[in-house]
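Morning, everyone. One structure today, and I'll keep it short.

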Amino acid sequence: MLNMGYTHFDTPAIPVPEGTKSGDPVIVGNYAGFALIDRQPDGMATVKLIGSAKDVTVTGALTVGQTVYLKTDGTLTATATGAKPFGSAVTAKGTGTGIAHVAPLGHHLAPAAA
């Protein structure tokens with residue numbers, strides 16, 4: 001096909017927020033994933049949109065399948081207040097801040113309401 005872009009859109013290079021480091025959770029428009037590399041001088045980074053990350057820090061208790069949110073400061077939380085949906089908990093986690101296993105929503109994020 002002449003107009004084919006990516007054959008698999010699971011690790012695109014997309015513009016990410018300033019200060020993004022490898023392993024950081026990011027939301028860019030309707031894409032949610034984990035940066036695979038630090039943000040480059042052109043503002044881009046390769047972002048993993050599918051799969052999961054086992055060792056990410058999340059604040060709050062989680063149950064399997066619960067929504068995990070990304071706050072504007074770049075941290076993940078179990079609380080929706082002031083945050084955007086980022087992904088789902090793969091495993092349960094107790095209260096407080098600790099390590100969790102999270103699957104990002106990838107390129108299936110629901111568009112913002114008009």
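Start with Thr 79. Its relative accessibility is 43%, so Thr 79 counts as partly exposed. The cut-offs matter here: buried is under 20%, exposed is over 50%, and partly exposed lies in between. Keep in mind that this is a predicted model.

Where does Thr 79 sit in the chain? In a loop, between strand E7, residues 76–77, and strand E8, residues 83–89. One distance to go with that. From the C-alpha of Thr 79 to the C-alpha of Leu 62 is 9.8 Å. Along the chain, those two residues are 17 apart.

Now zoom out. How many helices and strands does the protein have? There are 9 strands and 0 helices. Read from the N terminus, the order is β-β-β-β-β-β-β-β-β.

Next, overall dimensions. For 114 residues, a compact globule would have a radius of gyration near 13 Å; the protein comes out at 14 Å, so the two agree. Along the principal axes, the C-alpha atoms fill a box of roughly 50 × 30 × 30 Å.

On to packing. Buried residues make up 34% of the 114. Then contacts. Take those with a separation of 6 or more: 49% of them join residues 24 or more positions apart.

Surface next. The accessible area is about 6700 Å². Carbon and sulfur atoms account for 57% of that surface.

Last, charges. The protein has 7 positive and 7 negative ones. Their mean positions lie 6 Å apart.

That's my set. Over to you.

Technical notes: Residues numbered from 1 in each chain as written. Predicted model: local features only at pLDDT ≥ 70, side-chain atom pairs only at ≥ 80, totals over all residues. Heavy atoms only, no water. Helix = DSSP H or I, 4+ residues; strand = E, 2+ residues; numbered from the N terminus. Buried < 20%, exposed > 50% of the residue type's maximum accessible area, 1.4 Å probe, protein only. Rg over C-alpha atoms; globule rule 2.2 N^0.38 Å. Contact = heavy atoms within 4.5 Å. Areas by Shrake-Rupley, 256 points an atom, 1.4 Å probe, with all protein chains shown as cover. Lys, Arg positive; Asp, Glu negative; His and termini not counted. Charge placed at Lys NZ, Arg CZ, Asp CG, Glu CD.
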